[in-house]
Amino acid sequence: MRNPKAPWLIPVLATGLLTLVTAWHRTPTEVDLALVLAVDVSTSMDPDEQDLQRQGYVEAFRSVSVHQAIHGGTLGRIAVTYVEWAGAHPRFQNVVVPWTILESSKDGVAFAERLARAPIHRAAGTSISEAIDFSIALLSSGHFLAPRRVIDISGDGSSNQGRLVTEARDEAVARGVTINGLPILLKEPEGRENASIDAYYRDCVIGGSNAFMIPVRERSQFLFETRTKIIREIAGVSPGPVWPTQP
């Protein structure tokens, strides 16, 4: 004898199955690291410096050594996004490459190629605090679970707009986020505020567990130092002093 209630079970079971499938698809991806690459595109950066900066990150993610560092993690994958930033008035932050999971060498190369094809913008002002706040929002929006969250700030000047950079840094660190730095010193400083940008990054920008910075003083260093910094961030180890000595 047919159960008259049976037809009602079909949509119920279908709905339950759809809910389970949807929940499975929404399960966050576990990664070893969530990394925001936040790069300065303010007008204090010459176009050739901006090209060099971009190329440093492109070549890093093409690098076998970076791929090996990713594979060497507990899970063997990371989440990374690339952001351009400048001033607070008008506010300028631009996501060039959105959150991407890198697990294989192919993933790393694809990320590098996407970055290489993207145009480089320029905007007025320098607000490192806005860059940090924007990066924190990105870390909260990513669909992943990461035991380590890092913001990688590169730039050639001190913050001159927005709230105090130390306030933004301290709030980020209180949330368990690490901020590392790549201060760029490729030309003579034009003012006292930029005369010791490496010291400024050390004292006001970087912070958190195993935080470090690597100053770039020569164009010939840029590709190597950018790759080295990313490898250290992926590995999650302290490089020693936060202000490395120059050879």
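Tutor: A residue counts as buried under 20% relative accessible area, as exposed over 50%, and as partly exposed in between, with a 1.4 Å probe and protein chains only. The model discussed here is predicted, so local features need pLDDT of at least 70 and side-chain atom pairs count only at pLDDT 80 or more, while totals for chains, interfaces and linings use all residues. Residues are numbered from 1 along each chain as its sequence is written, and side-chain values use heavy atoms, with hydrogens and water left out.

Student: Does L164 count as buried or exposed, and at what relative accessibility?

Tutor: L164 lies in the loop between β6 and α6. Helices (H or I, at least four residues) and strands (E, at least two) are DSSP runs numbered from the N terminus. L164 and S127 are 37 residues apart in sequence, with their C-alpha atoms 9.1 Å apart in space. L164 counts as exposed, because its relative accessibility is 55%.

Student: What share of the residues of the chain counts as buried?

Tutor: The chain contains eight helices and seven strands. Of its 247 residues, the share that counts as buried is 47%.

Student: What is the order of the strands in the open sheet?

Tutor: Strands of a sheet pair through backbone hydrogen bonds, either parallel or antiparallel. Two strands count as paired here if DSSP finds at least two bridges between them. β4 and β7 each have a single partner strand and stand at the edges, so one side of each is left without a neighbour in the sheet. With five strands and mixed pairing, the open sheet has the order β4-β3-β2-β6-β7.

Student: Which residue in β6 is the bridge partner of V36?

Tutor: β2 and β6 pair in the parallel sense, over six bridges. In β6, the bridge partner of V36 is I151.

Student: Which residue in β4 stands opposite W85?

Tutor: β3 and β4 form a hairpin with two residues between them, and they pair in the antiparallel sense over eight bridges. The residue of β4 that stands opposite W85 is Q93.

Student: Where is the peptide bond from H89 to P90 placed, and is that bond cis or trans?

Tutor: Most peptide bonds are trans. P90 is in the loop between β3 and β4. With omega near 0°, the bond from H89 to P90 is cis.

Student: What angle does the direction of α4 make with that of β4?

Tutor: Axes are lines fitted to C-alpha atoms, for helices over the stretch in contact, and angles run from 0 to 180 degrees between N-to-C directions. Contact means heavy atoms within 4.5 Å. α4 packs on the sheet and touches β3 and β4. Its direction makes an angle with that of β4 of about 155°.

Student: How are α6 and α7 oriented to each other?

Tutor: Helix α6 (residues 165-174) and helix α7 (residues 197-205) pack at about 50°, with their axes 9 Å apart. Angles under 35 degrees count as roughly parallel, over 145 as roughly antiparallel, 65 to 115 as roughly perpendicular and the rest as oblique. The angle therefore makes the orientation of α6 to α7 oblique.

Student: Which residues of α7 does α6 meet?

Tutor: On the side of α6, the residues are V165, T166 and R169. In α7, they meet Y200, D203, C204 and V205.

Student: At what relative accessibility does N210 count as partly exposed?

Tutor: N210 is found in the loop between α7 and α8. Most residues other than glycine have a negative phi. N210 has a positive phi of about 60° although it is not a glycine. N210 counts as partly exposed because its relative accessibility is 35%.
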